[in-house]
Each structure stands twice: as C-alpha cells, then as structure tokens.
There are 2 protein chains.
Amino acid sequence: MLISTKGRYALRVMIDLAENQKDSYVPLKETAQRQEISEKYLEGILKTLVQHNMLTGVRGKGGGYRLTKAPENYTVGEILRLTEGSLAPVACLEPQAKSCPRMAQCRTLEMWKGLDQMITQYLDGITIADLMSRDVPGFDYVI
Amino acid sequence: MLISTKGRYALRVMIDLAENQKDSYVPLKETAQRQEISEKYLEGILKTLVQHNMLTGVRGKGGGYRLTKAPENYTVGEILRLTEGSLAPVACLEPQAKSCPRMAQCRTLEMWKGLDQMITQYLDGITIADLMSRDVPGFDYVI
DNA sequence: TTTATTACCTATTAAACTGATATGTTAATG
DNA sequence: CATTAACATATCAGTTTAATAGGTAATAAA
C-alpha cells in the first residue's frame, strides 16, 4: 500500500476545511466528528501540516484551524508527501535511500523511476479544489 | 511504499531465470548468489510463484527452477500482485477490503481509483522480456 | 482573575508487517 | 544409499501503523 491513513486522513481534513471555510477557525473537534476520525490521532497529523504552513492553528476559545491558501493552490501530492514522508513506490527511490551498489546492473530501476514519475505527476496534478463537493456529473480522474 | 522486497526480489529472480535459461533447471542457490539475496528468504517467494504456475520447481539432484512460459508472456503486474498480494495504493481498494460506509460521501475515491488503474496499466504493460538485458540505448519506461 | 476552550507536546502501546533465520521433510539422481 | 535441492513450518527481531494517555500553553469570555 502506497498511502496509509495518515495521508488519507490529511486529505480528508484539508477538503473538510476547504468545504467549511469561515472567517473564524474550525476546531479539530468539529472536523474529527464530521469525518469520523479519532480526534487525538488527527492532532498529530495536523501538527505536521501546520509546521509546513499548510494550515494555521490558533489556540484557545474560538481557535482551531484554517487553510493558509485557496484550495486550488494545494496539490494532493504535496499534502501526501508531507504526511507520508515519501510517495516512492520502492525503497530505493526514497529520498533518504542510500545509493544501491547494484544500480549499474539493475534491470528494474528505470521501470521504478517511470512508475514513480507517473504517480508524482498524477497526484501533483490534482488540487484540493478538484476534490471539493461539486455537481458536475461523471467527472473523474481516470486517465 | 507500494512494493516491498518480496515483489522486487521476485522480479529479479524471474529476470535472472529468463536470462539464464537452459534445457535443465536452475537451482535456487545459483540465482540467490548472482542476485545477492538470502537463499532461504527466496525459497518462500519462489514457492508462491510455483504454486501459481509461474515457475516449475523440480527437486533433487539436477533440480531447480524454470520458467513455464516465454519471458514476453509474463507481465510485471501479475508477478507483483502474486507476491505482494495486492498493488492497491490505498486500503479501501484492496481485494479483501470491506465496502466503506463513507463511500457515497467520499471525495477521494475516484482519485484513488484513477491512481490504481494507472499503476495497474503501467505494470501490466511491461513484460519480463522488456526487463532483460538489451543493448538499445536510451530505452526507458518514462511516460 | 478565574474558567473554559482548544491547540500543542511527549510518551506509550497493541497489533501487524517485514525480512529474515532455523530446522526439518520429501523427492530425484547417480 | 548418499547427495542434492525443492518443499514445509515455525520462530524472531525490528519497524511501522494507528491509536491512546496525560499533560502544557495560549486565548477568550465570565
């Protein structure tokens, strides 16, 4: 599996915040209830998103979270890379991977690179706005 | 990560067997040494491939493994699905997944389906023969 | 100034998965 | 009957996953 609950939950929260934007902030509790996700678990995920300036978090009464940009300016790829760490399909293509000693003879490396590139292009080509509630029937992401 | 060592090793063994085809059988020991993979670990992987008729295994002296088909008749996708169990990018698209109660409201399902389909098409479009040693320069799988 | 709210922070945990190793048993050959 | 090599089953250490627990800090309202 390429994407765990961390990434999937992160996306759902971003969409939820986009769909429920107000002048004020949306408390985690609300989103967690709407999305039926463990509140405490979500905290850790949102922390990462705040640290990377995807969200603003404000404490205290009236506090909560808010998007820092318009929904169309977030790509699915960037959200997933932040929360998952990497979207590489194989270990050898992960950012922290040490260079493989079998690289020169590897028959599969180019294939993995192609897959990696394809996944990246697909996910970087979809924005949070694309995932928001809409009425256009039959709209989908099938290539 | 979508593909673990199980799938990667399986592919490397299939390529190795394809590149080292003989009239006789290739013992696991040889392949394991050439590919620098734990012999015992490989055993378990090849067992799966034999059970699904991707390979023939013969015991005893002179025994070993052999492809059951020509290299161009194996797709990378089928080998990986057998050894990895599934290539679904998210849990909800796995074969054994129970249908999600949030499906109707899910904003991301179509995106995941598109990704799944793209990955499947890519990996089912490459054969073991495509991965074998060749001289054509610049050949790669970049879309 | 106290109380309620809400984000932030750190640690722990049970279950599953990964990547192996260990120890055999069965079948084929010479 | 000895050697070879696949087949079979169990175990294991380490990591990851998906949470939970229990606090601290900041903000607003009473």
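1. The length of α3(A) agrees with what its residue count predicts: at 1.5 Å a residue, its 13 residues should span 18 Å, and its end C-alpha atoms are 18 Å apart. The expected span is 1.5 Å times one less than the number of residues, and helices (H or I, at least four residues) and strands (E, at least two) are DSSP runs numbered from the N terminus. Please keep in mind that this is a predicted model, in which local features need pLDDT of at least 70, side-chain atom pairs count only at pLDDT 80 or more, and totals for chains, interfaces and linings use all residues. Residues are numbered from 1 along each chain as its sequence is written, while chains are lettered from A and ligands numbered from 1 in the order in which they are written.

2. Within α3(A), the residues A:Leu42, A:Leu46 and A:Leu49 are buried, a residue being buried if 20 or more other C-beta atoms, placed from the backbone, lie within 10 Å of its own. An α-helix has 3.6 residues a turn, so residues three or four places apart point the same way. The cover over the buried residues of α3(A) includes α1, α2 (28-35), β1 (55-58), β2 (64-67) and α4 (76-84) of chain A. Just after this helix, A:Asn53 takes a positive phi of about 60°.

3. Chain A is divided into domain 1 (5-67) and domain 2 (72-131), with bounds that come from an automatic or database domain assignment. In chain A, 12 residues of domain 1 are in contact with 9 residues of domain 2, contact meaning C-beta atoms, placed from the backbone, within 7 Å. On the side of domain 1 of chain A that touches domain 2 of chain A, α1(A) gives the most, with 7 residues.

4. Chain B can be laid on chain A with an RMSD of 0.1 Å by a turn of 180° and a shift of 0.0 Å along the axis, the superposition being by least squares on C-alpha atoms of residues with pLDDT of at least 70 in both copies. The two copies are therefore related as by a two-fold rotation axis.

5. Around DNA strand D there are 27 residues, of which A:Ser4, A:Ser38, A:Gly60, B:Leu28 and B:Gly57 come nearest; a residue is near the strand if its C-beta atom, placed from the backbone, lies within 6 Å of it. To this surface near DNA strand D, α3(B) gives the most, with 5 residues.

Notes:
Contact = placed C-beta atoms within 7 Å. Buried ≥ 20, exposed ≤ 12 C-beta atoms within 10 Å, placed from the backbone.
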